[in-house]
Amino acid sequence: MSLLNELSNDLWTIFSPSKFLLFHVGTRMTVMRLSNGDVLLYSPVLINPALKQEIDDIGKVVHIVCPNDFHHLYAGQAMALYPEANLHGPITLHKKRKDLAFSHILSSTPHPDWKPDIELLTIEGSLMHETVFYHKPSKILLTCDIVENFETSEHLLTRIWLKLGGCHGKIGWPRIFRLVYINRKKARASLQKMFDFPFEKVVIAHGDILEKEARSLLKTGLAWLKV
């Protein structure tokens, strides 16, 4: 049985167990095969030998992307497995993780290898410094920490966390994390631009992918920010 879930031609995801403090929120990586045949890993997770084999069967990993200042925990392991790959991350993460050999600053300007496949948008006004990817061939938007989408959790503390954060059984963003938006006017302007991408599905790091009515669901999840 494949570990990777195929979302479209040349786009796969895998949801991996992961903890934030005491909470079981999990995280998701996207594997993208570019039109030139190279493979890009977006928001790397822990890669075991079976997963590495599936990735290698898709193509050569040339790009590894940390989309924001918080999705970097497994970047070192990914680079150890693929030492010739280019590592991309926001400039603030370069300063935060000086132990990682970043080769490129992630911004709204795509790497030349990506131009045929991806449009980028950096979300301003947020301490996360996240850049979202719009995959043009599939009309899928790749994000990490724009919204969360949990129906529930089998883990009691995680259920309590989701309920306190207003994210249990509905799409949203935890109340405490809303503080990362230090300039909401700039953030709203960026997020409104995000909706200019003609996306039909949204990949998120924490919770279920938005596959049906993705645009309206994403808008609902951002209603607190008045996007």
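Visitor: Is Thr 143 buried or exposed?

Guide: A residue is called buried under 20% relative accessible area, exposed over 50%, and partly exposed in between (1.4 Å probe, protein chains only). Thr 143 is buried, as its relative accessible area is 2%. Please note that this is a predicted model, in which local features need pLDDT of at least 70 and side-chain atom pairs count only at pLDDT 80 or more, whereas totals for chains, interfaces and linings use all residues. Residues are numbered from 1 along each chain as its sequence is written, and side-chain values use heavy atoms, with hydrogens and water left out.

Visitor: Where does Thr 143 lie, and which residues does Thr 143 touch?

Guide: Helices (H or I, at least four residues) and strands (E, at least two) are DSSP runs, numbered from the N terminus. Thr 143 sits in the loop between β12 (140–142) and β13 (148–150). A contact requires heavy atoms within 4.5 Å. Leaving aside residues up to four places away in sequence, Thr 143 touches Tyr 42, Glu 130, Val 132, Val 202, Val 203, Ile 204 and Ala 205. A polar atom of the Thr 143 side chain lies 2.9 Å from the backbone oxygen of Val 203.

Visitor: Which residues of helix α5 are buried?

Guide: An α-helix has 3.6 residues a turn, so residues three or four places apart point the same way. In α5 (residues 184–194), the buried residues include Ala 187, Ser 190, Leu 191 and Met 194. They lie on the same side of α5 because they cover an arc of only 95° around the axis, the arc being that of the directions from the helix axis to the C-beta atoms. The face turned away from that buried side carries the exposed Lys 185 and Lys 193. Among the elements covering the buried residues of α5 are β10 (118–122), β11 (131–135), β12 and α6 (214–221).

Visitor: How many disulfides does the structure hold?

Guide: A disulfide is a covalent bond between the sulfur atoms of two cysteines; here the criterion is a pair of cysteine sulfur atoms within 2.5 Å. The structure holds 0 disulfides. Cys 66 is in no disulfide, and the nearest cysteine sulfur, that of Cys 144, is 9.2 Å away.

Note on methods:
A polar contact is a pair of N or O atoms within 3.5 Å; within protein, one must be able to donate a hydrogen and the other to accept it, and residues adjacent in sequence count only if both atoms are side-chain atoms.
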